[in-house]
Protein chains: 2
Amino acid sequence: MSRAQVYFTAGPAELYPKFEEYLQEFVDLQIGSISHRSGQFKKIYQHTDEQLRILMNIPEENAIMFTGSASEIWEKLVLSTVEHESFHLVNGSFSAKFYQYAQMLQKHATNFEKPLGQGFSYGEIAVPEFAELICTTQNETSTGLQMREADIHKLKRSNNDKLIAVDMVSSAPIPNLDFTVVDTAFFSVQKSFGMPAGLGVWIANERCLEKAKQLKSNGINIGAHHDLPTLWKFAKEFQNPATPNVMGIFILGKIAEDMNKIGIEKIRKETDEKAKKLYKYFENKAGYSLSVNESELRSRTVAVINTEKPSSEIINYLKGKNMVIGSGYGPGKDSQIRISNFIANSAEQIDNLLKEVEKF
Amino acid sequence: MSRAQVYFTAGPAELYPKFEEYLQEFVDLQIGSISHRSGQFKKIYQHTDEQLRILMNIPEENAIMFTGSASEIWEKLVLSTVEHESFHLVNGSFSAKFYQYAQMLQKHATNFEKPLGQGFSYGEIAVPEFAELICTTQNETSTGLQMREADIHKLKRSNNDKLIAVDMVSSAPIPNLDFTVVDTAFFSVQKSFGMPAGLGVWIANERCLEKAKQLKSNGINIGAHHDLPTLWKFAKEFQNPATPNVMGIFILGKIAEDMNKIGIEKIRKETDEKAKKLYKYFENKAGYSLSVNESELRSRTVAVINTEKPSSEIINYLKGKNMVIGSGYGPGKDSQIRISNFIANSAEQIDNLLKEVEKF
């Protein structure tokens, strides 16, 4: 059955073109019934692990672990790596939530917050002396802002005594992060990987693990479910401590393998070209303006556009053409639209979308 | 495609007969792409909520909430309802893990532990005076033990000042729990509901919510992700605070609806009959004996059988006949087999299994 609607939403999003093929394989092989302690499952985990390492250039040292969502990782990461103090770069609703999680976990959380639509550059960031973890959001889905990889790397290099975390929930595997520099990063699969929601992926290095072990041995409560040392131990044997989302892990491995066949450099180039086309169109289109002024800080995967008229008008028009775009998030709900530029959104789909906007 | 293997494993397990039909509906309706804040999603959540209430007789007052797994609920439940002390009935590996979670969360956790193969009756349980939460495991998947519903209800009634939690991970919806008596219960979907893993279901009443709010206002750390007050608030609007496993919620609603059409009383009766047949067969079969002596404490959904010969022999023989049964868990690995009697395991499948065992 062909898909009736095309989704340009920020996640859940358009599914990966081969998703149905892999789902059928999952059904045919009866993977929904296999034990998560079986050799068959370990091979599935190992395959996904290997394909993600190739795709995102993740060193052998790091562990790749699975949770129920990326939001869960916000909690587990703070619990496992922060004794007293975390520092958060906040420029939208999701980075604000990451910050709020640290506060709810009763850490001394501080932030550097920007007004709506403004992003971060390395030079302006002053990290508090006693912060143990620097929390960055590489792609802020709510405001369409990105933080450049080079800035993240510089931030870590100049704060080498601290851990740095990269929320790449809605951009992975597009950012070219250097995992020999950043300590931990995480994402969910219902964004750029084009899968149904229900799986978070957590990448961490041994410094994170050592910190978690140190906290634990000092009597700090690092949680009971999916704490880093337990997740790590099982991940190194291609298992999860609890029964994970086996279907998600299987399909993620298949999609990562397919992306590796295409080549990540080609995928990144195509993503950049589609993003440029999207931004250029709305920059020059009467009735619209780009939410983010600095072109280098515009998200490559989620474009946020200001609308002069109520955003619902163009959203509803496109809906009538079977194209689903998002409204702005939170304060931008009625005056912005959000358009995903995920890997599953083909150049042809983007072209068709812009043609329809032109007709509106 | 017909399924090559029949699974009699304790979960992940044989899939519900109509699983593929519902999965196809999920694909055709493009539910993998819809927003978890949309009206379309809220209707899906509401449908699942309503069907579970009918199936398990859950009062309007209670909230039905979704997590990534039932193990996650162990943690969230202890965090949200225990300030100082929890009490655990332990008679196998999973009830032991629930107890261990409370310890890891730095609660004063006490337990009443039974030797392998022995279960609990109401009369013998002395609940510590200051325990705030009594943790019962209605169905201990590792040892094939159940706790009778009547005993759980009596335990609550005689400890009305405390909260009582029921782990029904591998038995729901078979136990006929009185949700006007028990305070909270939870399960996962890869057992009796015959679904792929990746979704936990948490049922709780207002007393649990009040306790969580009280702890929070007293400055107790109840966690940041999936804490009860936040989950509750969103559940009452048929949403989840983070992006949940939408596919799981959709299919669970479909399966619960199908079970309601059959009727829960009929399903419970069939489950009892199949269990009786299984136990009767192995009780009388040379080379085998039942692990649980007291017939009333034998699990209705996971039968644990002692084998005179190494358990791998019968397991491998059946594997050759495309029937997958489980080994014993932990200490019973080599000397026990475990056979699921879930709703997806039809009477015909059980008959065929016993015929093959007879030939061995």
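Predicted model: local features only at pLDDT ≥ 70, side-chain atom pairs only at ≥ 80, totals over all residues.

The contact takes 52 residues from chain A and 52 residues from chain B. The size of an interface is often given as the accessible area lost when the parts come together. For chain A and chain B that area is about 4100 Å², and carbon and sulfur atoms contribute 55% of it.

Now the charged pairs. How many salt bridges does the rule find across the interface of chain A and chain B? There are 2. In a salt bridge between Lys76(A) and Glu75(B), the N to O distance is 2.6 Å. For polar contact, with both residues at pLDDT 80 or more, the rule finds 17 residue pairs across the interface of chain A and chain B.

Which elements of chain A give two or more residues to the side that touches chain B? They are four helices: H1 at 19–28, H3 at 70–81, H4 at 93–104 and H8 at 246–262. H1(A) gives the most, with 5 residues. By residue class, the side of chain A that touches chain B has 23 nonpolar, 19 polar and 10 charged residues.

Next, inside chain A. The domain assignment gives domain 1, made of 6–15 and 264–359, and domain 2, which runs over 19–261. Their C-alpha centres lie 26 Å apart. The contact between them takes 27 residues from domain 1 of chain A and 31 residues from domain 2 of chain A.

The area buried between these two domains is about 2600 Å², with 56% from carbon and sulfur atoms. On the domain 1 side, the residues that lose the most area to domain 2 are Arg268(A), Leu297(A) and Arg300(A), together 25% of what that side buries.

Arg300(A) also comes up in the salt bridges. The rule finds 2 across the interface of domain 1 and domain 2 of chain A. Arg300(A) and Glu149(A) meet in a salt bridge through their side chains, at 3.1 Å, N to O.

As for elements, helix H9 (264–283) and strand E12 (302–307) of chain A each supply at least two residues of the domain 1 side that touches domain 2. H9(A) gives the most, with 6 residues. That side divides into 15 nonpolar, 5 polar and 7 charged residues.

That is what I have; comments are welcome.

Technical notes. Residues numbered from 1 in each chain as written. Chains lettered and ligands numbered in written order. Heavy atoms only, no water. Contact = heavy atoms within 4.5 Å. Buried area = accessible area lost by both parts, 1.4 Å probe. Salt bridge = Lys/Arg side-chain N within 4 Å of Asp/Glu carboxyl O. Polar contact = N/O pair within 3.5 Å; in protein donor to acceptor, adjacent residues only side chain to side chain. Nonpolar A, V, L, I, M, F, W, Y, C, P; charged D, E, K, R; others polar. Domains from an automatic or database assignment.
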